[in-house]
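Please read them with the coordinates open.

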Amino acid sequence: MMNMKKYILALSAILATVGVFAQNNKGNVNVLDLKHSITDQAIVYPESFETDTQKLLESWFIKNYTSTDDRYATEGDVVFSDEVIIDRLKALPNVIEMPYNQIVRSYIDKYTKSNRAQVPALLGLGLYYNPIFEQSLEEQGLPLELKYLPMIESSLDPNAVSKHGAAGLWQFMLATAKGLGMEVNSLVDERRDPYLSSEMAASYLKGLYDTYGDWTLAIAAYNCGPGTLNKAIRRAGGEPKDHDFWSVYNYLPEETKGYVPAFIAINYVMNYYPEHNISPVLPTAPLVMDTIHVSDRIHFEQISQVLNIPVEELRILNPQYRADIIPGTSENPRNLILPSQQIHAYLMSEEDIKNYEPEKYLPRDKVEPGEIQGDSLAVVEDTEIWAEPITTVSDKVERNGETQTIVHKVKAGETLASIAKTYEVTQEDIKKTNNLRRNAVRVGQQLKITTSAPQAEMESTAAAVTKPAPSNNKTQTSTPKKQTTTSSKTTTHLVSKGETLSTIAKKYGTTITAIKNANGLKNDNIRAGQTLKIPAKSTGTTSSNKSSAGTKKKKR
């Protein structure tokens, strides 16, 4: 019995000592040191663990700028004891505390086992992005180990977008980005700009640390927002200044619970990956980049074609331009990142780049409505014709044997498919002839089309639809079947806008039929710019039959 009393007294003394220790150090919030003993069997991993790792490994940057081997795939992970990992975490040259517990271990295993293919991709992309992150952190005087946060946030994909709408390497929400003064519109998203977003992230993290005075809380607030973190601190009780991430762990959103453990794990993996049979990733091309200011609206394709730089590389280096368009102006020049050896080439070729097929890559400054060529409603020989404007086929025709090359001007409503059908060619034929990379065409664009179909047949797609003209006369006049002029001399006439065969015939004192016969016209359609042969004015005519202009009265 005495021994039992001694045991109870000794246990009470131990518990009292622990309680005093906790009260002195954490305002009586924690009875035990949670950061080392905490466990969680319902861990929710960040979205970055769902990234298509194979897509990362096959990305243009990894393929063209780095080199690694498949050791991560052919050799398995090496299992180390908790004590070894604890010692390794202690050896890291970090300012931010890196405690070890069951949750941290689960994240380390995630990286080195089931997601081990993700590590070489992060190592390779880190060759380019880590120096950018370090520069921004250094300018704010922040711990450099924070450079690994974007690996958790986005797997170093500048175009990553979360299910909540956060975007970029640092996964800024739209409201947060705009609150920090970042530009987001249809052409530019500065959340995706590696340099600017890193500057904003460093400034934002510094503000969070100044607010909470603890890096684990600042990191948690970066993930879930200060409002959500403040709510967790209030629910945990005690003095806010006495809390850290682990003391409010159970009051945080599920995704945020894994955020700090993932941060500790990625710091471990980025330093000790060789020990887990993952090979280093080495650069195979210079990673020296430079910036140039662009004061004009330029499309990536224009730069690519003139400087012979792959568009994929321009996108990797300048992911902030969402539609491959740099909307630069003299008042607001835009940054363009290029390999340093290409900067001089750009400066020397700036005018060539700006003037490379601008009608194809740049929007029109002014647009005029389509104009009707000739009278839209012309009365020709007692026949009313609704003439659809002939704007699709120009007078630029090159003959080549039985084929002809026609310059077609695209009008509203036309597509590459409809144009190809009109000229009895394929879409690929038109794209190849005009060096088009896609099927899109725009109104007013001129296309060269080589076809074997007769031009007259092609023009018939826009031919007139004829219908009887209304008339108050009860008589009809028939056109003479044959008419011969007394002179063989002809002149030429260049058709002007608004002219018809009727007005031209009247001007030269001839007939519509005579002009059609002289020019081999099968219908009454003409277009502005067309050249017509005009037969000389008739001095006399002979006719094979007489006019039947009148009708005989019937005797009643």
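1. Basis. This is a predicted model, in which local features need pLDDT of at least 70 and side-chain atom pairs count only at pLDDT 80 or more, while totals for chains, interfaces and linings use all residues. Residues are numbered from 1 along each chain as its sequence is written, and side-chain values use heavy atoms, with hydrogens and water left out.

2. Helices α8 and α11. Helix α8 (residues 118-140) packs against helix α11 (residues 194-212) at an angle of about 40°, and their axes are 9 Å apart. Helices (H or I, at least four residues) are DSSP runs, numbered from the N terminus. Axes are lines fitted to C-alpha atoms over the stretch in contact, and angles run from 0 to 180 degrees between N-to-C directions. The pair α8 and α11 is therefore oblique; angles under 35 degrees count as roughly parallel, over 145 as roughly antiparallel, 65 to 115 as roughly perpendicular and the rest as oblique. The crossing of α8 and α11 is right-handed, that is, the near helix is turned clockwise from the far one by less than a right angle.

3. Residues between α8 and α11. On the α8 side the contact (heavy atoms within 4.5 Å) includes Tyr-128, Tyr-129, Ile-132 and Phe-133. Those on the α11 side include Pro-194, Tyr-195, Glu-199 and Lys-206. By class, the residues of the contact of α8 with α11 are eight nonpolar, four polar and two charged. Here Ala, Val, Leu, Ile, Met, Phe, Trp, Tyr, Cys and Pro count as nonpolar, Asp, Glu, Lys and Arg as charged, and the others, Gly among them, as polar.

4. Helices α6 and α15. The axes of α6 (residues 82-91) and α15 (residues 259-272) come within 10 Å and cross at roughly 90°, which makes α6 roughly perpendicular to α15. From α6, Ile-85, Arg-88, Leu-89 and Ala-91 take part in the contact, and from α15, Ile-264, Tyr-268 and Tyr-272. The contact of α6 with α15 has six nonpolar, no polar and one charged residues.

5. Gln-427. This residue lies in helix α22 (residues 427-434). Gln-427 has 31% relative accessibility and so counts as partly exposed; buried means under 20% relative accessible area, exposed over 50%, and partly exposed in between (1.4 Å probe, protein chains only). Its C-alpha atom is 6.1 Å from that of Ala-417, ten residues away along the chain. Neighbours within four places in sequence aside, Gln-427 contacts Leu-416, Ala-417, Ala-420 and Asn-439.

6. Salt bridges. The structure holds 19 salt bridges, each a side-chain nitrogen of Lys or Arg within 4 Å of a carboxyl oxygen of Asp or Glu. One of them pairs Lys-163 with Glu-255, with the closest N and O atoms 3.4 Å apart. This pair links distant parts of the chain, 92 residues apart: Lys-163 is in the loop between α9 (149-154) and α10 (174-179), and Glu-255 is in helix α14 (residues 254-257). With a relative accessible area of 61%, Lys-163 is exposed, whereas Glu-255, at 31%, is partly exposed.

7. Arg-192 bridges to Asp-189 at 2.9 Å between the closest N and O atoms, and both residues are buried. Asp-324 and Arg-315 meet at 2.6 Å, N to O; Asp-324 is buried at 12% relative accessible area and Arg-315 partly exposed at 39%. Shared partners join the salt bridges of Asp-77, Asp-82, Arg-105, Asp-109 and Lys-113 into one network.

Definitions and conventions: Helices (H or I, at least four residues) and strands (E, at least two) are DSSP runs, numbered from the N terminus.
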